[in-house]
Amino acid sequence: MRIIGLDLGQKNIGVAVSDPLGFTAQGLTTIRRTNKENDIQEIKNICAEYNAELLLIGLPKNMNGTIGPSGELAMEFGKLCEDKISIEVKFWDERLTTVAAHKAMLEADLSRNKRKKIVDKVAATYILQGYLDMISK
């Protein structure tokens, strides 16, 4: 079963995909956001290409665990994906995934320009890998 992981941002959507056995996550692409219809169509195309059975969306929570405005937008987007793509949608706490992604890229000594281009894809990979690790226990 393939799972697609998403890191939703205001300008970009990071996309990751699981391996067919659901053990590892791999960064796939970054979607440049234009409008909801186009964004969802691109996600639908990716889901179809990989025969995805689940869409995992990073849920931004406040540090105290509450859901703020960004989290509400992510849940609305998830509902749209369920309706338009006909795929199961789950959410995963994404607190600190972008921080972890930046740290990993700094440790890999990537230039600021390279980091900027792939941070969303790397964050999506962290989101998806966290979920895969949880379900494999």
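Residues are classed here by relative accessible area, where buried means under 20%, exposed means over 50% and partly exposed means in between (1.4 Å probe, protein chains only). The structure is a predicted model, in which local features need pLDDT of at least 70 and side-chain atom pairs count only at pLDDT 80 or more, while totals for chains, interfaces and linings use all residues. Residues are numbered from 1 along each chain as its sequence is written, and side-chain values use heavy atoms, with hydrogens and water left out.

A search of the whole structure finds 2 salt bridges, a salt bridge being a side-chain nitrogen of Lys or Arg within 4 Å of a carboxyl oxygen of Asp or Glu. Side chains of opposite charge can pair when their charged atoms come close. Arg33 is partly exposed, at a relative accessible area of 23%, whereas Asp39 is buried, at 2%. Another salt bridge links Asp83 with Lys79, whose closest N and O atoms are 3.1 Å apart. Both Asp83 and Lys79 belong to helix α2 and are 4 residues apart, about one turn of the helix. Asp83 is partly exposed at 47% relative accessible area, and Lys79 is partly exposed at 45%. Helices (H or I, at least four residues) and strands (E, at least two) are DSSP runs, numbered from the N terminus.

The largest nonpolar core contains 21 residues, and Ile4, Leu6, Ile43, Leu55 and Phe77 have the most contacts inside it. The elements giving two or more residues to this core are β1 (2-8), β2 (12-18), α1 (36-49), β4 (52-59) and α2. A second, separate core has 10 residues, including Ile3, Ala16, Leu128 and Leu132. Such a core is a set of buried Ala, Val, Leu, Ile, Met, Phe, Trp, Tyr and Cys residues joined through side-chain atoms within 4.5 Å. With neighbours within four places in sequence left aside, Ile43 is in contact (heavy atoms within 4.5 Å) with Leu6, Ile13, Ile31, Leu55, Phe77 and Ile85.

The largest pocket holds about 360 Å³ of space. A pocket is an open set of points on a 1 Å grid over the protein atoms alone, with protein on both sides within 12 Å along at least five of seven lines, and lining residues have an atom within 4 Å of a point. The volume is the space filled by probe spheres set on the points. The lining comprises 14 residues, among which Gly9, Gln10, Arg33, Ser70 and Leu73 lie nearest the centre of the pocket. Helix α2 (residues 69-85) gives the most to this lining, with 6 residues.

Most residues other than glycine have a negative phi. Asn51, not a glycine, has a positive phi of about 50°; Asn51 is found in the loop between α1 and β4 and is exposed, with a relative accessible area of 60%. Ser86, also not a glycine, has a positive phi of about 60°. Ser86 lies in the loop between α2 and β5 (88-93) and is exposed, at 66%.

Gly22 occupies the loop between β2 and β3 (25-32) and is buried, at 11%. Not counting residues up to four places away in sequence, Gly22 touches Met1 and Leu132. The C-alpha atoms of Gly22 and Ile135 are separated by 9.0 Å, although these residues are 113 residues apart along the chain.

Notes. On a 1 Å grid over the protein atoms alone, a cavity is a set of points where a 1.4 Å probe fits but cannot get out, and a pocket is an open set with protein on both sides within 12 Å along at least five of seven lines; lining residues have an atom within 4 Å of a point.
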